[in-house]
Amino acid sequence: MKKRQVVMRNEGSERSSATQVVRIVEYAECRKNHAANIGGYAVDGCREFMAGGEQGTTAALSCAACGCHRNFHRREVVDK
């Protein structure tokens with residue numbers, strides 16, 4: 001299950017007809033270097049971000065698969 005965040009905004013001035021842009025944010029594989037403290041390089045192979053809790057809680061920012069924060073996962077933004 002991929003974590004998705006939907007961001008909606010209006011483009012254009014208020015006088016003209018505004019178009020609505022929907023951006024979907026998905027978090028993919030983990031990029032955290034788990035061996036950095038010993039001078040090496042190793043990632044855990046977590047292929048996608050899975051929220052560790054319900055939306056809106058602090059647990060939702062941690063990955064259930066690898067335990068790291070959401071910011072360590074590659075962010076993909078898709079405009080629709």
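**Figure 1. A salt bridge between Arg74 and Glu29 in the predicted model.** In this predicted model, the side chains of Arg74 and Glu29 form a salt bridge with an N to O distance of 2.7 Å. Because Arg74 belongs to strand β3 and Glu29 to strand β2, the pair ties together parts of the chain that are 45 residues apart in sequence. Arg74 is partly exposed, at 25% relative accessibility. Glu29 is also partly exposed, with a relative accessible area of 23%.

Figure 2. Glu76 counts as partly exposed, at 24% relative accessibility. Side chains of opposite charge can pair when their charged atoms come close.

**Figure 3. The salt bridge between Arg23 and Asp79.** The whole structure contains 3 salt bridges, and one of them joins Arg23 to Asp79, with the closest N and O atoms 2.8 Å apart. This pair links distant parts of the chain, since Arg23 lies in strand β2 (residues 19-30) and Asp79 in strand β3, 56 residues apart. Arg23 has a relative accessible area of 29% and is partly exposed. Asp79 is likewise partly exposed, at 48% relative accessibility.

Figure 4. His73 is a residue of strand β3. With a relative accessible area of 4%, His73 is buried, because a residue counts as buried when this value is under 20%. Leaving aside neighbours within four places in sequence, the contacts of His73 include Tyr27, Ala28, Glu29 and Cys30.

**Figure 5. The largest nonpolar core.** The largest nonpolar core has 7 residues: Val25, Tyr27, Cys30, Cys46, Phe49, Cys63 and Cys68. Cys46, one of these core residues, touches Glu29, Cys30, Cys63, Ala65, Cys66 and His73, not counting residues up to four places away in sequence. Cys30, another member of the core, is buried at 5% relative accessibility. In the chain as a whole, 20% of the 80 residues count as buried.

Figure 6. A disulfide is a covalent bond between the sulfur atoms of two cysteines. How many disulfides does a search of the whole structure find? The search finds 0 disulfides. For Cys30, the closest cysteine sulfur is that of Cys68, at 3.4 Å, which is too far for a bond. For Cys66, the closest cysteine sulfur is also in Cys68, at 3.1 Å, and this distance is again too far for a bond.

**Figure 7. The strands and the confidence of the prediction.** The chain has 0 helices and 3 strands, in the order β-β-β from the N terminus. Which strand has the lowest confidence, and which the highest? Confidence is lowest in strand β1 (residues 4-11), with a mean of 59, and highest in strand β3 (residues 73-79), at 89. The average pLDDT of the chain is 81, and 78% of the residues score at least 70. Where pLDDT is low, the predicted coordinates should not be read in detail.

Key. Residues numbered from 1 in each chain as written. Heavy atoms only, no water. Core = buried A, V, L, I, M, F, W, Y, C linked by side-chain atoms within 4.5 Å. Buried < 20%, exposed > 50% of the residue type's maximum accessible area, 1.4 Å probe, protein only. Contact = heavy atoms within 4.5 Å. Helix = DSSP H or I, 4+ residues; strand = E, 2+ residues; numbered from the N terminus. Disulfide = S-S within 2.5 Å. pLDDT = per-residue confidence, 0-100. Salt bridge = Lys/Arg side-chain N within 4 Å of Asp/Glu carboxyl O.
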